[in-house]
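Take a walk through the structure below.

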There are 2 protein chains.
Amino acid sequence: MTGHILALSGGVGGAKLAAGLAAVLPPEQLTVVVNTGDDFEHLGLTICPDIDSVVYALAGLNDTVRGWGVAEESWQAMAMLKRLGEADWFNLGDRDMAMHLGRSWRLRAGESLSEVTARLTGALGIPHRVVPMTDGRLSTLIETDNEIMDFQRWFVGEQCRPVAKAIRFDGAGAPPSPGFAEALARPDLAAVVLCPSNPFLSVDPILALGGVRETLLALKVPRVAVSPLIGGKAVKGPLGKLLEERGQGQEGNAAIAGHYGKLIDHLLIDRSDDADAGGLRERGLSVTVTDTLMHGLADQTRLAREVLAAAGLQQPA
Amino acid sequence: MTGHILALSGGVGGAKLAAGLAAVLPPEQLTVVVNTGDDFEHLGLTICPDIDSVVYALAGLNDTVRGWGVAEESWQAMAMLKRLGEADWFNLGDRDMAMHLGRSWRLRAGESLSEVTARLTGALGIPHRVVPMTDGRLSTLIETDNEIMDFQRWFVGEQCRPVAKAIRFDGAGAPPSPGFAEALARPDLAAVVLCPSNPFLSVDPILALGGVRETLLALKVPRVAVSPLIGGKAVKGPLGKLLEERGQGQEGNAAIAGHYGKLIDHLLIDRSDDADAGGLRERGLSVTVTDTLMHGLADQTRLAREVLAAAGLQQPA
């Protein structure tokens with residue numbers, strides 16, 4: 001195929017498909033734009049959980065057993081931080097901490113997040129473009145009954161327990177990063193892929209950047225999403241809970257499709273949710289039913305090929 | 001004994017005696033003032049090598065085999081930092097890094113180095129006062145033939161190879177920290193102890209603070225130094241080289257005594273340097289010849305008692 005693929009990704013689930021796309025596409029044909037709404041400052045470090053998940057997956061450094069972070073991780077610094085009385089609600093592995101350190105001091109020295117991310121991916125031998133959604137600040141906030149919480153306090157600190165009455169984006173309208181804007185404007189753009197990430201928490205922040213939703217809607221290329229649901233449920237994370245709290249009476253893939261609306265024209269769903277296909281097609285969506293749970297690089301690569309096929313760009317393997 | 005002991009310390013050697021004094025004296029009778037001239041910023045971390053050496057020694061966390069840093073250290077973050085292309089000339093252990101992190105973010109949040117140090121020592125269960133020499137900035141610089149280098153670049157990066165034509169203190173005259181000033185002004189001050197640290201690099205920065213040398217000279221209490229030399233040579237570090245380059249024609253303990261001048265009235269020297277004792281006494285110094293190499297807490301405690309005895313404050317054990 002020719003043409004450029006723009007993939008929008010959150011953390012772990014999205015990172016798996018991003019790694020599959022990177023395995024299938026040459027570097028010049030892929031831009032992975034990553035959510036930074038969950039980024040936060042902790043112990044003086046700028047932590048970018050979704051960028052790191054994508055970077056670890058593309059570098060082959062991700063821990064596939066634990067499901068997040070770096071493989072062969074150790075926790076010596078964290079144990080010492082606890083002993084020093086520092087906050088221990090967010091677990092920092094030793095190798096992971098090196099990423100945060102390498103990023104944080106360079107941001108403080110004046111590099112943009114795009115520049116730092118390019119530096120880190122380059123150092124780890126990732127030839128594909130991995131770009132933050134913005135070099136500005138757009139922060140995901142969770143409005144609960146009692147307060148408005150930073151995302152990580154809700155997600156990790158409170159383990160998603162408080163009901164999310166609303167999800168807010170502080171800094172909505174922030175400009176897309178240069179690499180994101182460039183990909184959106186490419187004359188050879190061939191498809192947009194919404195990775196199987198949380199629509200509310202991982203994709204919506206990207207869509208809340210200045211002009212992004214409008215630009216995507218106006219694009220004359222296929223927009224393909226992979227559902228993050230398996231058997232009507234989220235593989236991990238708070239998506240299931242959010243769908244219940246925010247699905248507006250719809251369930252499963254109907255809620256996903258309802259949420260994305262005209263933003264997507266093709267949805268890949270898991271075989272276990274085969275029953276959803278008819279209703280989705282009635283909405284006017286093109287649907288592929290396949291195995292969307294990715295256990296390893298073989299699954300990731302196969303699903304990437306199926307995504308490209310759904311976009312009319314490649315035959316399924 | 002009653003009365004307060006003020007100990008001035010650099011890194012590893014001084015830290016051993018400081019730990020001995022802490023083992024012998026109750027918390028209210030000891031203030032350890034630590035050199036911060038070697039402190040530096042690295043990868044966004046504020047690193048205080050001498051404070052950490054003293055803190056690790058007093059907390060019993062110091063690595064006695066390697067001779068520096070934390071025991072049972074691991075190096076996962078450092079390996080990852082190298083992989084990310086970050087500077088690798090200064091080795092950061094994982095547990096050590098936690099100290100730097102815990103300190104750096106709080107300094108950036110506005111705490112003084114004194115406050116942060118009190119917090120860290122408190123968290124590690126150290127009941128004695130360990131205070132930085134200053135909360136301001138006094139940086140040790142090494143003037144070589146070609147350039148003026150930050151201390152750590154010379155000490156670690158260049159392994160002390162370039163001849164030190166001069167040692168400069170950028171920020172000389174900075175104010176002593178509150179805890180240091182308080183100890184100097186105590187009516188119950190009973191003795192000043194210059195720990196067996198490098199006179200040029202570890203003690204001189206302390207003396208270069210505003211008013212410190214004058215105040216020490218005017219004190220009517222014993223001022224006791226422990227020589228850092230064993231058999232006329234430094235146990236470790238660049239002292240031997242500096243003595244050759246900067247001893248002004250004197251050697252061994254004569255050079256140490258000549259450098260300190262009227263600042264000390266008692267010097268403890270090692271048995272292996274027994275031959276130096278006569279000349280030192282001719283200078284008007286009171287001299288104790290003993291075993292100054294400290295292999296463990298028993299040695300540290302014994303030497304601490306001998307220091308107190310030399311100050312007329314306690315019988316030798």
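B:I5 has its bridge partner in β9(B): the residue is B:A191. This is a predicted model. The bridge belongs to a strand pair. Strand β1 (residues 4-9) of chain B runs parallel to strand β9 (residues 189-194) of chain B, and 5 bridges join the two.

Now follow β9(B) to another partner. β9(B) also pairs with strand β10 (residues 223-226) of chain B. The sense is again parallel, over 3 bridges. Here B:V192 bridges to B:R223 in β10(B).

B:G296 sits in the loop between β14 (286-290) and α13 (297-310) of chain B. Is B:G296 buried or exposed? B:G296 counts as exposed, because its C-beta neighbours inside 10 Å number 10, and the cut-off for exposed is 12 or fewer. Compare sequence and space for B:G296 and B:S227. They are 69 residues apart in sequence, and their C-alpha atoms are 18 Å apart.

Next, step back to chain A as a whole. Chain A contains 13 helices and 14 strands. The C-alpha trace of chain A spans about 60 × 45 × 35 Å along its principal axes. Of the 317 residues in chain A, 50% are buried. Among contacts in chain A with a separation of 6 or more, 67% join residues 24 or more positions apart.

Helix α1 (residues 12-24) of chain A shows what burial looks like for one element. The helix has 13 residues. From first C-alpha to last it reaches 19 Å, close to the 18 Å expected at 1.5 Å a residue. How many of the residues in α1(A) are buried? The count is 12 of 13, and the helix is mostly covered. The buried residues of α1(A) include A:V12, A:K16, A:L17, A:L21 and A:V24. Glycines are on the list too, among them A:G13, A:G14 and A:G20.

Strand β7 (residues 148-150) of chain A holds A:I148. This residue is partly exposed, because 13 other C-beta atoms lie within 10 Å, between the limits of 12 for exposed and 20 for buried. Which residues does A:I148 touch? Setting aside its neighbours within four places in sequence, A:I148 is in contact with A:L141, A:E143 and A:R168. A:G279 is another reference point. A:I148 and A:G279 are 131 residues apart in sequence and 36 Å apart in space, C-alpha to C-alpha.

Look now at the loop between α6 (151-157) and β8 (166-170) of chain A, where A:Q159 lies. The backbone is worth a check here. A:Q159 is not a glycine, yet its phi is positive, at about 50°. A:C160 is in the loop between α6 and β8 of chain A as well. A:C160 is not a glycine either, and its phi is positive at about 65°. Their surroundings can be set side by side. A:Q159 has 10 C-beta neighbours inside 10 Å and so counts as exposed. A:C160 has 17 other C-beta atoms within 10 Å and is therefore partly exposed.

Finally, bring the two chains together. A rotation of 180° superposes chain B on chain A, with 0.0 Å of shift along the axis and an RMSD of 0.0 Å. The two copies are thus related as by a two-fold rotation axis. Which residue of chain B comes closest to the rotation axis? B:D94 does, with its C-alpha at 3.2 Å. Both copies use the same surface: 96% of the contact residues of chain B recur in chain A.

The contact takes 24 residues from chain B and 23 residues from chain A. On the chain B side, the elements that give two or more residues are α3 (76-83), α4 (94-108) and α5 (113-123). The largest share comes from α4(B), with 10 residues. By class, the chain B side that touches chain A has 13 nonpolar, 6 polar and 5 charged residues.

Notes:
Residues are numbered from 1 along each chain as its sequence is written. Chains are lettered from A and ligands numbered from 1 in the order in which they are written. This is a predicted model: local features need pLDDT of at least 70, side-chain atom pairs count only at pLDDT 80 or more; totals for chains, interfaces and linings use all residues. Two residues are in contact if their C-beta atoms, placed from the backbone, lie within 7 Å. Helices (H or I, at least four residues) and strands (E, at least two) are DSSP runs, numbered from the N terminus. Ala, Val, Leu, Ile, Met, Phe, Trp, Tyr, Cys and Pro count as nonpolar, Asp, Glu, Lys and Arg as charged, and the others, Gly among them, as polar. Two strands pair if DSSP finds at least two bridges between them. Copies are superposed by least squares on the C-alpha atoms of residues with pLDDT of at least 70 in both. The expected span of a helix is 1.5 Å times one less than its number of residues.
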